[in-house]
Every structure is written in C-alpha cells, then in structure tokens.
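Please find my note on the structure below.

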Amino acid sequence: MDAMQRTRFDAAAVANAEDASVWRWFSALLEERRIRWRYTFDNWIVSVDRARVATEPTFDGAIRAAKDEAELRNVGQPGEWSRPKRRRTESSEYIRQP
C-alpha cells in the first residue's frame, strides 16, 4: 500500500468513526424523546432538550451541526434524562425499578 492509499484508508476510518458517533448520539436522544426536527422554509431545524441547536438545508447536515452545537452548550448528553427501568411481574403489572 503506497502513501496515498494509506492516507485515503486512514481518512475513511476517521469518517466512519465520526458517522457512527453522530448516529449513536442521535438514536440515543431519539429513544429518550429529547430531539426534535422539522422541515420549514427549505431548512431542517433541530432542537435538543427544547432548545434550537441547528438550522441547515440538509437533514444530515442539521443533525451533525446539532450534535456539535449541543456538545458546545453541554446539552443533549445521552442518558442524562434516562427514565427508571421497569420490569414485568408475574401478574403482568409493571413495577418501577430504582
């Protein structure tokens, strides 16, 4: 593998890691119902914890910008608002776990 191929390979690995990080963040906040988005006037608007954090023309760009801005503002950390887990009892009733 020559130097150019190695550089491309390294860049692809970094891009894949960044993509995975963005979409793990997005899916965690989505599961916790803390991220919202809407398309209006040719832009995607993304809010995290009810604060607008990004406005971009593409959905992908808006989510990436939202993650960056949320990290700067120190909001939108996955698990920050996690709900107590529930377990099912034999009588099919749910009991909150601490």
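The points go from the overall fold to one helix and then to one lysine.

1. This is a predicted model, in which local features need pLDDT of at least 70 and side-chain atom pairs count only at pLDDT 80 or more, while totals for chains, interfaces and linings use all residues. Numbering starts from 1 along each chain as its sequence is written, and side-chain values use heavy atoms, with hydrogens and water left out.

2. The protein has two helices and five strands, in the order α-β-β-β-α-β-β from the N terminus. Helices (H or I, at least four residues) and strands (E, at least two) are DSSP runs, numbered from the N terminus.

3. Of the 98 residues, 21% count as buried, that is, under 20% relative accessible area with a 1.4 Å probe, protein chains only.

4. Helix α2 spans residues 59-73 and includes K67. Its 15 residues reach 21 Å from first C-alpha to last, close to the 21 Å expected at 1.5 Å a residue; the expected span is 1.5 Å times one less than the number of residues. Just after α2, N74 takes a positive phi of about 60°.

5. The buried residues in α2 include A62, I63, A66, K67 and A70. They cover an arc of only 135° around the axis, so they lie on the same side of α2. The arc is taken from the directions from the helix axis to the C-beta atoms.

6. K67 counts as buried because its relative accessibility is 11%. Its side chain makes a polar contact (N or O atoms within 3.5 Å, one able to donate a hydrogen and the other to accept it) with the side chain of E71, at 2.5 Å. Leaving aside neighbours within four places in sequence, K67 is in contact with S21, V22 and W25, contact meaning heavy atoms within 4.5 Å.

Methods:
Buried < 20%, exposed > 50% of the residue type's maximum accessible area, 1.4 Å probe, protein only.
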